[in-house]
Structures are given as structure tokens and as C-alpha cells.
Amino acid sequence: MQSTAFTLSPSLTLHKPRRPFISNRFDPSHFSLSASSPKPNESSSSSFHRRYWSVASSSSSSSFKFRPSTSLPTPASSDPDATRFETRATSVPESADEGSNALLKTLQLGSLFGLWYLFNIYFNIYNKQVLKVYQFPVTVTAIQFAVGAVLVLFLWTFNLHKRPKISGSLLAAILPLAMVHTLGNLFTNLSLGKVAVSFTHTIKAMEPFFSVVLSAIFLGEMPTALVVASLVPIVGGVALASVTEASFNWAGFGSAMASNLTFQSRNVLSKKVMVNKEETMDNINLFSTITVMSFFLLAPVAIFMEGVKFTPAYLQSAGLNVRQLYTRSLIAALCFHAYQQVSYMILQRVSPVTHSVGNCVKRVVVIVSSVLFFKTPVSPINALGTGIALSGVFLYSRAKRSKPKTKTA
């Protein structure tokens, strides 16, 4: 017998909609639900899904079979699209975090280098102006240490920075650093008082030479053949610039060379101290302690060698502008402490050789700015020697970055 089928749809207008009757003989096995996602072109794309039930009657069976012909909305938790969205939202690749952290560290290091150069430019300009009219470099250096010591005590007194736990053994370890730090700054001021700022920093471009030698002696870092070859134009360029320098004298030249030796010794020794320092002895506290110790080391020497000649009465008797000299000395001292502090912050993040390369790049900026500010006469041969020396510095930095490949068996 042919079976007939009729459809009851919710969209039909019924006078008395009745609830479907389910008999006791209803077989659950004949009731099937299909959970499928609605297609975009169907009317089920709206929030309401249309459902209709087909009731089939057959001669062979008096039972009714209720079969939903459309899909029911699935729970949000079982939606495959939602599951994929949650997986993408919670799954963050580790390379993204590492890349952002590396970028942040690079920006911080670049900002520190920029501040290092800026403070150094202002220090050299104001310091040279003071040393031109007040030719007492030991007293000037002691005053710069005094201003730095006052800033350090201010930070520690008002707990703006955590005070270190200083012991006798720690002071004994820092004492060599303080001594070479004091001598390095004193030799720099001696050179700036004798020759032009540009010539002093041209001589100080030889710092990579001293850095390579001292790193090999104290840190066991043996230079490669490329590094040694890059030192040749540095030394040759400095020699050529020294021969043609109008303000050349042996006192200024020797003081600049001595500052190279002492500063690179400080960098290597401070790197060894910072590796095994206490928790409270960070880079700021290390430099702060060195500054205070340097003041106490140099102040008696300044009084013994040059006397007390920074009082207003003495400056007035010498025909100097007291207010102008004090202002420039204060600015130079603040910039001195600032660029030295930033230098130590950079040294904690990089190796002594990299620090020396950055220091040589700083020489370029200082040389150009000082020549423009003081209108220093520069001969073509002198400029050529300075350029050769700075080119050697560039080759040196490139040679340090290229590491020799290890041979595999």
C-alpha cells in the first residue's frame, strides 16, 4: 500500500496548535537528531531556526516516526568555529614574546648610548671652557667627584635607590677600580687643559688597542687576525693626526694616552667585579661607591698640589667671573657624573670590547661637535689622519662581530 506523508510546519496558521502526542510505543531508536551548522543562504541564518516534523503512516506499521528535518542549534561549546577561535586566542607563540623583549632591550640600549653621547658632548664643551680660564685640572677633577658624591649621598639618604651593604672585603675589591677611575678622569682633564678637545679624543680613539691587550691579559680573550689587522689603521691614523696637530704638545698627548690605559683597565676590572658582585651592589651602586672613594682619594692630592684656589675671593682676585665659572663648573660636573653613570649601565649590558667600540663612535660625535663649537682649525692632513683612525675603529667593530667558525670532525 502506498504510504502517505504530511507535514506539520510551525509557519502554518492553525486555530488550535496542539502538542504532538507520543505514544508509549515510541521507539527512541527511530528518533534522530542531526547537529549541523546552518548555511548562510538558508533562512536559518537568523537567530530563530525553523523546525518541522514529518509524520509518516504505513500499512505495515501503526507506529509514528518523528524525524526532525532541520538541524538544531548546537551549544556554543561544541561549535567547531568557536573552538578554533578559543584556540587561536589562547595560543600565543613564544617567538612573539621573545621578539618584543629583544626589541625593547635594543631600544633601551640605544637610548642609553644616545644619552651617553649627549652628556659627554656637554661635559667636554663646558669643561673645556672652565679649563681654559682656570688652569687647575686636579682641583677641577676633585670638584667633579665632589658633586657626584653629593648626588650619591642624596640618593642613599632619601632612599631613592637602595643602599648597598658595603663590607671591608668589598671595599678592598673596589679600591683598584676607584684608583684607575680617578687617574683616568684626571689624565683626561690634564689633556683637555693642554690641547684641543678634538685632538684629545683623536688620541683616545686608540682605546681599542688597549682594550684588546688588557682583555687578553685579564679576561683571556685572544684577538683574531682580523682584529689585530684593524688596529693598524687606528694607530697609523692617530699618529698622522698627531704630527699635523696645531695644538700638539707632549703633556697633552701623554695624558690622553694614559687615560686610555687607565679607562680600559677600569672597564676590564669592573666587568670582573660585576660578575661576582653582591645583590645590592648593582651598576648604580658600584659607580656611586667608586665616585665617593675617588673624591676621598683625590681631594687631599688636589689641596696638596694646587691649594685651595676655588674660593670666590681667589677667583675675583684672578679677574675671573665667579658666577659664570661656578655655573659652568656645576653643569660640567653634573654631565660628568651623568655620562659616567650611563657608561657603567652600558658596560653591565655589553662586553668591554663592545663598550670600547661604542666609546670610539662617541669620539666621532664629540670631535665633530667640538670642532664646530670652538671653531678649531683642522688641516687636510689632520682630517685625513682622524678619518683613517675612525675607519680603523669601524673595521675593528666589524672584525669583532665576525666569529671564526668551529671545525667539525
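The count of salt bridges comes to 2, in what is a predicted model. The protein has 409 residues, of which 39% are buried, and its secondary structure comes to 13 helices and 3 strands.

**The salt-bridge network**

- Glutamate 207 pairs with lysine 204, the closest N and O atoms being 3.9 Å apart, and glutamate 207 also forms a salt bridge with arginine 363, where the closest N and O atoms are 3.0 Å apart.
- Arginine 363 belongs to helix H12 (residues 352–374) and glutamate 207 to helix H6 (residues 207–219), so this pair ties together parts that lie 156 residues apart in sequence.
- Through shared partners, the salt bridges join Lys204, Glu207 and Arg363 into one network.
- Lysine 204 counts as buried because its relative accessible area is 2%, under the 20% cut-off; glutamate 207 is buried with a value of 0%, and arginine 363 is buried with a value of 2%.

**A helix pair**

- The axes of helix H3 (residues 137–157) and helix H9 (residues 283–306) come within 8 Å of each other and cross at roughly 145°, and this crossing of H3 and H9 is left-handed.
- Sorted by class, the residues in the contact of H3 with H9 are 15 nonpolar, 8 polar and 1 charged.

**The chain as a whole**

- Among contacts between residues at least 6 apart in sequence, 84% join residues that are at least 24 apart.
- The accessible surface of the protein comes to about 23700 Å², and carbon and sulfur atoms account for 64% of that surface.

How values were computed: Residues numbered from 1 in each chain as written. Predicted model: local features only at pLDDT ≥ 70, side-chain atom pairs only at ≥ 80, totals over all residues. Heavy atoms only, no water. Axes fitted to C-alpha atoms, helices over the stretch in contact; angles between N-to-C directions. Helix = DSSP H or I, 4+ residues; strand = E, 2+ residues; numbered from the N terminus. Left-handed = near helix turned anticlockwise from the far one by under 90°. Nonpolar A, V, L, I, M, F, W, Y, C, P; charged D, E, K, R; others polar. Buried < 20%, exposed > 50% of the residue type's maximum accessible area, 1.4 Å probe, protein only. Contact = heavy atoms within 4.5 Å. Areas by Shrake-Rupley, 256 points an atom, 1.4 Å probe, with all protein chains shown as cover. Salt bridge = Lys/Arg side-chain N within 4 Å of Asp/Glu carboxyl O.
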